[in-house]
Amino acid sequence: MELKGRVHKFGDDINTDYIISGRHKFKTLDMKELAKHVMEDLDPDFYAKVAKGDFIVGGRNFGCGSSREQAPLAIINADISAVVAKSFARIFYRNCINTGLPVIECDTDQIDEGDELQIDLQAGVLHNRTKGIDIKIAPLPSVMLQILSEGGLIEHFKKYGTFNFN
Amino acid sequence: MGKTIAEKILSQKSGKDAKAGDIVIADLDFVMGQDGTSPLAIKAFAEMRATKVFDPARVAMVIDHSSPSPLEGVSELHRQMRVFADKQGINFYDIGDGVCHQLMPEQGHIIPGDLVIGADSHTCTYGAINAFSTGVGSTDLAAGLIAGKLWFKVPEAFKFVLNGILPAGVFSKDLILYLIGDVTADGATYMAAEYGGEAIDALSVEQRFTISNMAIEMGAKCGLMEADEKTVNWVKAHSQKEFATVKADDDAIYARVKEYDVSTLEPQVAKPHTVDNVSPVSQVAGTPIQQGVIGTCTNGRIEDLRIAAGILKGRKIDRHTRLIVAPASRQVMLQAMREGLLEIFVEAGAAVVTPGCGPCVGTHNGVPSDGENVISTANRNFKGRMGNNKAFIYLGSPATVAASVLFGKITDPREFVK
């Protein structure tokens, strides 16, 4: 899977309340509607700025806080193709894999707002086209790679009816 | 080689010799969801083409986050939960019953040695009674409802050795805020925090819940404690189930160990907008406060209400300050009623509201206005958390909140605690 897009850069400790606020998430299961409010408390214009395939790039501890799966789902429905960060909080990380949103762990100091990235998940390489550099990405545990490649945990259960790892 | 509590529980539940770093599929003793996460899980359950939960007696759903419903959209999601609960015959807690993390142990669902998942990040609370309990998202919840199992990466452990006894007026909330400030919001990411030492031994089980509840705020997967006589008595008073407690081996391997002396700790306050932005109360005393909140899964238990009522008794809160009190459950509310605590709160000028999470998660029941400062006994102070991204949230113990609302400014509670 190769992903291409522009960077929307955020800092450390981006929590799931910032990704999708409790003000919105309790009201509806309409993820297209929730997507309009992604990152709203940090950047009210965020949704309007995103082009299909863009990336959210953060620092340390991305996705900390609440277990709300509306966070990755709203990101997916805002047409973001992957989240890239130095490290992730564990519940968010699992939720992304389960919902089929690629999460990429790597050094993000050399990635800036507006940079163009190209990510090859199989090869494990992130190419910053703007800066002309390659950044190594941490491999996913095999269980997660399998769930992600099957399109998420719902698809996994549809196929096997329970957990069935290679 | 010895094992940590987390390794022992995951070994037992997976039938494997589980060591930190391994991936295991383990049997779940209990599975819980609340109204912010269950509707998506119910949807995923249907999409996974499941028809029955693995064991209705081991499943609970709780309406607590927006309870009672403030909006028609929420009402529809609540309706879906009620229909699912009726059809599946699971344990179900409706509006007014209380906050999920109070109800699960209080209603006897959780016992020492259990492996529990809950679709709420503060599921780590039950570590205080020696259960490996951890938060998951809605799709993992759906998988757990169907299979009665989940895959886990066996966490490394971070041991906190807490020596000394907390001084008067300093509570378990102050201690956990201090620890989070020290190790930071990702200091224990993906690890099993283990809290022990004489400071923990000296605490009541209710006070211990506050510490395990906030393990997630240091990134931990669970916040475990060993079981002592107090734990065993507490669990026996709440549950009919048989149980065996789990102790770490003396030669267990810890990725990190930190020792603290808590005997000179001051009350602590987390400042906006992160939980690890912690100061002793003396450094923030005098900060004006427009609203106080006492309650939530962190500090809405009967002991918390007694501490707050002890300070508010016979006094009035500042006339420019509001106070919201939300007991953690119907049982807590009834007990507080019987003890006359609710009368003290109401007389002091508080608004006592339905047991639930409302004010903490910004759904309803006390959204602050722009520029206001709130001091709350909750566990999160993220920008926008209480429903307004232009408000500022401070976190403290029930005593600190009660003392602060008396004067309309952050106040050291120690002189009011006998």
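1. Start with helix 14 (residues 341-348) of chain B. What covers its buried residues includes helix 12 (302-312), strand 15 (322-326), helix 13 (330-338) and strand 16 (351-352) of chain B. Covering is judged by contact, meaning heavy atoms within 4.5 Å. Helices (H or I, at least four residues) and strands (E, at least two) are DSSP runs, numbered from the N terminus.

2. This is a predicted model: local features need pLDDT of at least 70, side-chain atom pairs count only at pLDDT 80 or more, and totals for chains, interfaces and linings use all residues. Residues are numbered from 1 along each chain as its sequence is written, chains are lettered from A and ligands numbered from 1 in the order in which they are written, and side-chain values use heavy atoms, leaving out hydrogens and water.

3. Which residues of helix 14 of chain B are buried? They are Leu341(B), Leu342(B), Ile344(B), Phe345(B) and Ala348(B). Buried means under 20% relative accessible area, exposed over 50%, partly exposed in between (1.4 Å probe, protein chains only).

4. Gly349(B) follows helix 14 of chain B. Its phi is positive, near 110 degrees.

5. Now chain A. Its open sheet of 7 strands runs in the order 4-3-2-1-5-6-7, with mixed pairing. Two strands pair if DSSP finds at least two bridges between them. Strand 4 (103-105) and strand 7 (133-136) are the edges, each pairing on one side only.

6. Strand 6 (residues 125-128) and strand 7 of chain A are antiparallel, with 4 bridges. His127(A) has Asp134(A) of strand 7 as its bridge partner.
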